Amino acid sequence: MPRVDADLKLDFKDVLFRPKRSSLKSRSEVDLQRTFTFRNSKQTYTGIPIIAANMDTTGTFEMAQVLSKHTLFTAIHKHYSVEDWKNFAANYPDCIEHVAASSGSGTADLEWLCAILEAVPALQYICLDVANGYSEYFVEFVKTVRGKFPRHTIMAGNVVTGEMVEELILSGADIIKVGIGPGSVCTTRIKTGVGYPQISAVIECADSAHGLKGHIISDGGCSCPGDVAKAFGAGADFVMMGGMLAGHDQCTGQVIEKDGKKYKLFYGMSSDTAMKKYVGGVAEYRASEGRTVEVPYRGNVDNTIRDVLGGLRSTCTYVGAAKLKELSRRTTFIRVTQQSSQMFT
């Protein structure tokens, strides 16, 4: 018999922060830097824990060059060659501590990952990314990668429940990607009926991860700086952004002009567009689980990053958190039926 979990589950749109007394004079006083030591790799990370998603439009070397200047992180997509990686490492050595090499879970993926990590010894982060992190095969793959690279920090996902977070951490992952279906160009929930509201997923998964001295990434669903702040408030250690970084100069693809306006393509990595580009099309046994959209051209990503970081600092001043580290401890969410006035949208 199917069972129904009737407990309330919340998404970004369902909550707002409740403001609290603050001794901060200005948002400039807020420290957004975090330092983490990871459970399995024993590596120490320091930076602002926002990550560009490993989609081929946003997880680019060009994106990493800009984000690393702000100490933000980039999960580089898996379609660069070993030669591309060598050139990047040689020309931008200061960026390497703020990037991860992404990989799927296939045999060819593992061979490619090994080749990159051998060619770029300074690279210390691995992002193991599959749509469904619940398969036993993926758990075994994480164990295999951990065995081959005992000192590298491994991100793995995606999942949305505490027990799977725990299993992946115990299998060797350090940081678990949390999110199934919330992304702006993800259609998993429409095609499969599977998913979990992101705020509740983050709260539950953070609790499980932190109990094992692990960490999580809130991956997907952020449409504005306030959502990024909510993910951190819910307990995420890192927040991954895709759609919010789309449409910029640093994203793959040409600028398209239509009716006097400029656009860039942005698409999910399970979309028809991505499948045709990399594997010749969508296999007969599966459905496309991503959409392709034309995003208004937005210029240099530097401006968007400043906007996101400014919003996050402001959130911290509203709840009295002098450091990003304190935000989740200072967070009380209130349920709402509306985020903002729709008068002029």
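1. Starting with the helices: α1 passes α2 in a right-handed crossing. Keep in mind as you read on that this is a predicted model. The axes of α1 and α2 (residues 82-91) come within 11 Å and cross at roughly 25°. Angles under 35 degrees count as roughly parallel, so that's the label α1 and α2 get relative to each other.

2. Who touches whom in that pair? On the α1 side you'll find Phe61, Ala64 and Gln65, and they meet Asp84, Trp85 and Phe88 in α2. Sorted by type, the residues of the contact of α1 with α2 come out as four nonpolar, one polar and one charged.

3. Now the backbone. As a reminder, most residues other than glycine have a negative phi, and most peptide bonds are trans. The next points are the places I'd look at with that in mind.

4. Thr71 isn't a glycine, yet its phi is positive, at about 65°. You'll find Thr71 in the loop between α1 (61-69) and β5 (73-76).

5. Lys42 is another non-glycine residue with a positive phi, near 65°. Lys42 sits in the loop between β2 (34-37) and β3 (44-47). Is Lys42 buried or exposed? Its relative accessibility is 61%, so Lys42 counts as exposed, the cut-off being over 50%.

6. Last one: the peptide bond joining Gly157 and Asn158 is cis, with omega about 20°. Asn158 belongs to strand β8, which covers residues 153-159.

Technical notes: Residues numbered from 1 in each chain as written. Predicted model: local features only at pLDDT ≥ 70, side-chain atom pairs only at ≥ 80, totals over all residues. Heavy atoms only, no water. Helix = DSSP H or I, 4+ residues; strand = E, 2+ residues; numbered from the N terminus. Buried < 20%, exposed > 50% of the residue type's maximum accessible area, 1.4 Å probe, protein only. Axes fitted to C-alpha atoms, helices over the stretch in contact; angles between N-to-C directions. Parallel < 35°, antiparallel > 145°, perpendicular 65-115°, else oblique. Left-handed = near helix turned anticlockwise from the far one by under 90°. Contact = heavy atoms within 4.5 Å. Nonpolar A, V, L, I, M, F, W, Y, C, P; charged D, E, K, R; others polar.
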